[in-house]
Amino acid sequence: MRLSLDINGRSRDVDVEPHRTLLEVLRDTLGIFDVKEGCDEGVCGACTVLLDGRPVSSCLVLVPTAASRAITTVRGLEQSGELHPLQQAFLRHGAVQCGFCTPGMLLTALAFLERHPDADRETLRHAIEGNLCRCTGYAKILDALEDYARETRQ
């Protein structure tokens, strides 16, 4: 079937089999590798993308359901050639180690903070609990999220 996918504000027409997942099409068909393949069960958060502004596990989304909807990967956060302020906060706080979980972590956190800008640390911890990180203790990630939220409120 032929679908039109809106990825990071750019329309991409693809021929796909309807049983393929959004993750498979993004990575294998379109070569968009900033979406990571982790568990293929929707529990690790590595494949998180924003679908109409909401975080989803792209390994669980059949690609036809994403047609004509806004899909945002971490590359879609770029603003005029610059990193998004949340990405900058991650760098400032050393919240990136191996980087495998980072795209999904950023997208999940950003979607949450856009809806809950006054969230406290414990609330932020719960918001990202579906994104597993094996390198950090989450402390630096939470520091970055708090810093970004504080900057956004000012």
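Why does Leu91 count as exposed? Leu91 has 55% relative accessibility, so it counts as exposed. Exposed means over 50% relative accessible area, buried under 20%, and partly exposed in between, with a 1.4 Å probe and protein chains only.

A word on the model. It is predicted, so local features need pLDDT of at least 70, side-chain atom pairs count only at pLDDT 80 or more, and totals for chains, interfaces and linings use all residues. Residues are numbered from 1 along each chain as its sequence is written, and side-chain values use heavy atoms, without hydrogens and water.

Back to Leu91. Leu91 sits in helix α2, residues 85-92. Helices (H or I, at least four residues) and strands (E, at least two) are DSSP runs, numbered from the N terminus.

Areas come from the Shrake-Rupley method with a 1.4 Å probe; for residues, only the protein chains shown count as cover.

Now the whole protein. It has five helices and five strands. Their order is β-β-α-β-β-β-α-α-α-α. The C-alpha atoms fill a box of roughly 45 × 30 × 25 Å along the principal axes. Of the 154 residues, 44% are buried. The accessible surface is about 7900 Å², and carbon and sulfur atoms hold 47% of that.
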